[in-house]
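These are my notebook entries on a structure that I looked up piece by piece. I began with the terms and then went from the whole chain to single residues.

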Amino acid sequence: MHITVIGAGAWGSTLAALAAENDHQITLWSRRLGTPLLEAVSQADVILCAISMQGVREISAQLAGLASDVIILSATKGLDLATATVDTLPLLPSQLWQAAFPDNPIVVLSGPNLATEIQQGLPAATVAASDNLAAAKTMQSIFSSHRFRVYANPDRIGVELCGALKNVIAIAVGTCDGLNLGTNAKSALITRGLAEMTKLGSLWQIEFSTFYGLAGLGDLMATCSSAFSRNYQVGYALGQGQTIEQILHNLQGTAEGINTTAVLLQLANQQQIELPIAQQVGQLLNHTTTPQLAMQTLMERQVGIEHSPD
Ligand SMILES: NC(=O)c1ccc[n+]([C@@H]2O[C@H](COP(=O)([O-])OP(=O)(O)OC[C@H]3O[C@@H](n4cnc5c(N)ncnc54)[C@H](O)[C@@H]3O)[C@@H](O)[C@H]2O)c1
Ligand SMILES: O=P(O)(O)OC[C@H](O)CO
């Protein structure tokens, strides 16, 4: 098949390499290359979008006149700040694609997939999620190999939401590690982070099981445990006392959790819900708390019942 990969960053180039290993024809497009976007997609059977969240709306608007059988595969992990209004939930990247191309099959690729490890040839698994199961299976056949295992899943929105939300928790867990608070604290934060993710998921009416799959718990574990994760790196450096400005100056690549935190804080405000971890991450990023105080605040919250929705 002919696959046009939009975005030649860490993830786009890694996925392009996986598909090329399976003998698919690849066109890699980046805004830095100067090739017209419409020319790059003219032969595509599949358009794989692996750019940062901030560019998805703009790029999807630039693509017009696609044949309705072209599959759009979204690999971005974020939430759209512009669509978080009082009446609507913020849109996920695949929903922006669906709005631009209502007749095309849309698939989301998400899972515990640190690009650096995959570039090193290490094994990994992921999820291709779509309400169009045939399209999800096509993605399985394009990307699956002895070192990359692709599971199909019908819960596109749930899989995609997990990929966005875990980045916020990874910033918190990175901060905890940067402060050297130990394994017990880290485990507590990951587990309560998963609870915060499922609480948010109920707003989208997401299947509980999705949170316990590769795109949920799997990706949460990977992102919260690896120094390769940019979101974890941001948190770790905050915990070590750096400012967000210093961190962003040195960061290689995109840490989507920063933007996603801003979206969640807006959502928490609109829906009048408490998101204890995201709220502390937001304050850290806005310089209105310190790493020590943020962790202390989480520890000193009123104790409650473990599986209560609040
Ligand atoms: N790196 C990973 O391990 C990994 C794994 C899974 C998912 N992701 C997700 O994939 C997305 C990209 O991550 P990455 O690691 O490749 O980031 P990156 O910073 O390495 O690359 C981002 C790419 O997006 C492009 N881009 C940004 N804004 C754009 C715009 N307005 N128009 C056109 N192109 C634009 C940049 O030019 C660059 O090619 C993120 O949402 C990330 O969460 C990353
Ligand atoms: O480097 P991060 O923090 O964007 O994480 C990369 C992937 O999302 C891990 O699955």
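**Entry 1: terms and source.** I take helices (H or I, at least four residues) and strands (E, at least two) as DSSP runs, numbered from the N terminus. The model is predicted, and local features need pLDDT of at least 70, side-chain atom pairs count only at pLDDT 80 or more, and totals for chains, interfaces and linings use all residues. Residues are numbered from 1 along each chain as its sequence is written, while chains are lettered from A and ligands numbered from 1 in the order in which they are written.

Entry 2: I first looked up G193, which lies in helix 8 (residues 183–203). I call a residue buried if 20 or more other C-beta atoms lie within 10 Å of its own, exposed if 12 or fewer, and partly exposed in between, with C-beta atoms placed from the backbone. G193 counts as buried because it has 22 C-beta neighbours inside 10 Å. For contacts I require that the C-beta atoms of two residues, placed from the backbone, lie within 7 Å. Apart from neighbours within four places in sequence, G193 is in contact with I169, A172, L220 and I277.

Entry 3: In contact across the boundary are 29 residues of domain 1 and 30 residues of domain 2.

Which elements supply at least two residues each of the side of domain 1 that touches domain 2? I found helix 3 (53–62), helix 4 (93–100), strand 5 (106–110), helix 5 (115–119), strand 6 (124–129) and strand 7 (148–153). Strand 6 gives the most to this side, with four residues. By class, this side of domain 1 has 17 nonpolar, ten polar and two charged residues. In this scheme Ala, Val, Leu, Ile, Met, Phe, Trp, Tyr, Cys and Pro count as nonpolar, Asp, Glu, Lys and Arg as charged, and the others, Gly among them, as polar.

**Entry 4: helix 4.** Is helix 4 largely enclosed or open? Six of its eight residues are buried, so helix 4 is largely enclosed by the rest of the structure. The buried ones are P93, S94, Q95, L96, W97 and Q98. Among what covers them I listed helix 3, strand 4 (71–74), strand 5 and helix 7.

**Entry 5: helix 7 against helix 13.** Helix 7 (residues 156–178) packs with helix 13 (residues 256–271) at about 105 degrees, their axes being 8 Å apart. That makes helix 7 roughly perpendicular to helix 13. A164, N167, V168, A170 and I171 in helix 7 meet E256, G257, T260, T261 and L264 in helix 13. I counted this contact by class as five nonpolar, four polar and one charged residues.
On the terms: axes are lines fitted to C-alpha atoms, for helices over the stretch in contact, and angles run from 0 to 180 degrees between N-to-C directions. Angles under 35 degrees count as roughly parallel, over 145 as roughly antiparallel, 65 to 115 as roughly perpendicular and the rest as oblique.

**Entry 6: positions from the record.** An unreviewed UniProt entry lists W11, R31, R32, K77, A115, R230 and E256 under "binding site". Such positions are given in the numbering used here, feature names are shortened, and annotations may be inferred rather than shown by experiment. R32 sits in the loop between strand 2 (25–29) and helix 2 (37–40), and R32 is exposed because 6 other C-beta atoms lie within 10 Å. E256 lies in helix 13 and counts as buried, with 23 C-beta neighbours inside 10 Å. Setting aside neighbours within four places in sequence, I found E256 in contact with S52, M53, K77, G78 and N167.
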